[in-house]
Amino acid sequence: MGAFALAFAFLTGAGAAEAAFSAHGSAKQVYVTGLSGGAQASLLDSTGRTVAKKRADGLGGLLFRDVKPGTGYRVRLSKGGAKSAPLTVLSTRPAPPSTDVYNQTLPTDGYGYLTTRDGTKLAINVHPPSDVADAAPVSIHLPRVSTGGPSPTLIEYSGYGYANPAGPTNGIAILANLMGFTVVDVNMRGTGCSGGAFDFFEPLQNLDGYDVIETVARQPWVLNHKVGMMGISYGGISQLFTAQLQPPSLAAISPLSVLDQTQTTLYPGGILNTGFAVAWAKERQHEAKPASPHGGQSWAYKQIQDGDQICKANQVLHGEAANLLAKIRVNDHYKPAVADPLSPITFVHKIKVPTFMACQWTDEQTGGHCAPLAEHFTGAQRKWFTFTNGTHVDSLDPETFNRWYDFLELYVAQQAPITNAAAYRAAGPVIYQEAMGVPGQSFPPDPIQNQPTFDGAKAAFEQLQSIRILFDNGAGGSMPGAPQPGFEQSFAKFPIPGTTGRSWYLGAAGSWATSRRPKRAPTPSRGTPMQGRLPTSPVTRPGAPAACGPRRRPTSGSRRPPEARRPT
């Protein structure tokens with residue numbers, strides 16, 4: 001019997017030719033798991049030609065990036081020659097080859113996993129409106145929002161620890177719970193307990209967002225089987241990248257405190273932003289490592305220690321994360337092929353769903369250049385923007401919060417804002433005490449919330465002009481630095497009609513000039529021929545254009561950004 005089995009194996013090509021590893025096609029990628037650490041493997045195309053060769057990382061994972069879409073690919077081990085079955089590499093087109101992948105059952109409450117089109121499992125945490133009582137500090141009582149049956153649902157999506165069972169890291173799900181929404185918090189691939197390898201807003205990450213929207217919208221507990229997106233900072237920026245793909249089940253987006261271009265946030269005025277951007281990239285790179293006592297997200301390591309086998313298996317490809325710091329170094333100039341896909345200003349015209357966006361001119365984290373996005377939202381017919389001075393967290397100030405709430409109620413929940421207004425308004429003092437450290441704040445009156453019907457409220461909201469600017473934020477209340485504007489104005493579009501751009505230049509003795517001063521011939525160094533060289537420092541060249549204007553110091557007192565402290 002043993003001799004027969006041996007002969008059969010020989011005749012069928014089993015044994016060395018059988019792959020003990022697992023290989024899968026993805027969107028312009030091929031990923032492999034189950035290898036020995038350091039094992040070398042080749043990617044073969046349909047003709048058997050080697051198109052790439054690479055060694056597995058210490059956990060036995062391997063990722064081939066930038067693979068041309070097509071069929072018939074195989075992975076072959078260099079030692080022993082074992083081959084995978086034929087693989088199909090997908091394109092980055094938004095719609096998947098089959099929507100069957102969306103027929104999944106997700107938990108109605110709590111932690112779980114969602115499978116994307118390439119088989120990757122993303123860690124999620126579902127927070128129904130009733131979670132608001134559990135998320136608040138023990139000493140604080142927040143009103144419960146009563147819901148029966150399906151509830152309006154929002155997705156919060158980023159590389160932070162959103163799916164953390166103990167509560168989202170840097171997330172604001174509790175605020176949406178107060179409004180009566182269920183929130184699905186999702187960890188991007190390659191972070192936390194999610195599978196795959198991390199890269200900053202690669203196309204595959206955006207496709208994952210598309211898959212999340214379509215899968216969540218099909219759940220029986222989702223009202224109207226349409227979902228919205230919400231989030232601040234990272235969770236706001238991700239909305240722009242995902243919404244450009246136009247998922248059919250996306251109802252609306254509400255990005256807060258976002259950027260217009262990644263490159264100019266990293267290199268404002270051509271100078272590397274070591275104040276925030278580089279430190280942020282270092283943190284993302286560290287948190288994308290396999291979860292351990294020395295790297296990755298700490299909550300994921302705890303999950304593994306508590307027996308989460310899916311989370312453990314999902315760490316295998318984390319070692320294949322992109323080197324963000326190396327990317328920053330080699331892209332110190334604007335290279336359109338690299339920078340444009342990472343710059344929302346180049347693609348927000350593709351977004352068609354209703355949009356509410358709020359940003360600050362003096363945002364110390366994402367920068368003050370969010371406002372130029374407004375004129376590029378040409379594909380969205382319903383869009384509203386609020387701009388003000390302030391810090392990163394000021395997109396949650398009371399005046400802005402009111403409009404954000406009204407928008408989500410009208411375009412995601414499809415109900416009159418008066419329905420849940422009492423619950424969230426009662427929580428105002430707690431929100432601002434906990435999130436910003438500012439006591440005694442409440443939400444101002446809002447005429448939209450006085451409308452008794454959905455149709456009446458929507459009609460009133462759609463009469464609002466697209467651009468709202470809150471001036472002198474921090475100077476409108478009785479307490480200096482409180483999140484209240486001195487006054488506001490609204491406009492039909494941005495840039496404001498009738499305004500013209502002006503250039504300012506650095507002048508002598510720290511002055512500003514409206515024209516460039518004539519260049520002076522440089523003084524040659526003693527003992528060195530001049531050789532026609534000019535100084536290159538923008539600081540020492542009189543008349544050089546300023547990289548940016550003088551920045552107003554935020555007036556928000558002791559308020560801290562979400563990246564430093566959870567709002568709850």
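Q: How many cavities of 30 Å³ or more does the structure hold, and what makes a space a cavity?
A: The structure, a predicted model, holds two cavities of 30 Å³ or more. On a 1 Å grid over the protein atoms alone, a cavity is a set of points where a 1.4 Å probe fits but cannot get out. A volume is the space filled by probe spheres set on the points, which are joined across faces, edges and corners.

Q: Why is asparagine 314 called buried?
A: Buried means under 20% relative accessible area, exposed over 50%, and partly exposed in between, with a 1.4 Å probe and protein chains only. Asparagine 314 has a relative accessible area of 11%, and is therefore buried.

Q: Where is asparagine 314 found, and which residues does it touch?
A: Asparagine 314 is found in helix H9, residues 309-314; helices (H or I, at least four residues) and strands (E, at least two) are DSSP runs, numbered from the N terminus. Leaving aside residues up to four places away in sequence, asparagine 314 touches Tyr113, Lys121, Cys193, Ser194, Gly195 and Gly196, where contact means heavy atoms within 4.5 Å.

Q: What makes strands E14 and E15 a pair?
A: Two strands pair if DSSP finds at least two bridges between them. Strand E14 (residues 355-360) and strand E15 (residues 383-388) have six bridges, in the parallel sense. Glutamine 360 stands opposite threonine 388 in E15.

Q: Why do strands E4 and E7 stand at the edges of their sheet?
A: Four strands form this open sheet in the order E4-E3-E6-E7, with antiparallel pairing. Strand E4 (50-55) and strand E7 (87-89) each have a single partner strand, so one side of each is left without a neighbour in the sheet. Within the sheet, four bridges join strand E3 (residues 40-44) to strand E6 (residues 70-77), and alanine 41 stands opposite leucine 77 in E6.

Residues are numbered from 1 along each chain as its sequence is written. Local features need pLDDT of at least 70 and side-chain atom pairs count only at pLDDT 80 or more, while totals for chains, interfaces and linings use all residues; side-chain values use heavy atoms, with hydrogens and water left out.

Terms used: On a 1 Å grid over the protein atoms alone, a cavity is a set of points where a 1.4 Å probe fits but cannot get out, and a pocket is an open set with protein on both sides within 12 Å along at least five of seven lines; lining residues have an atom within 4 Å of a point.
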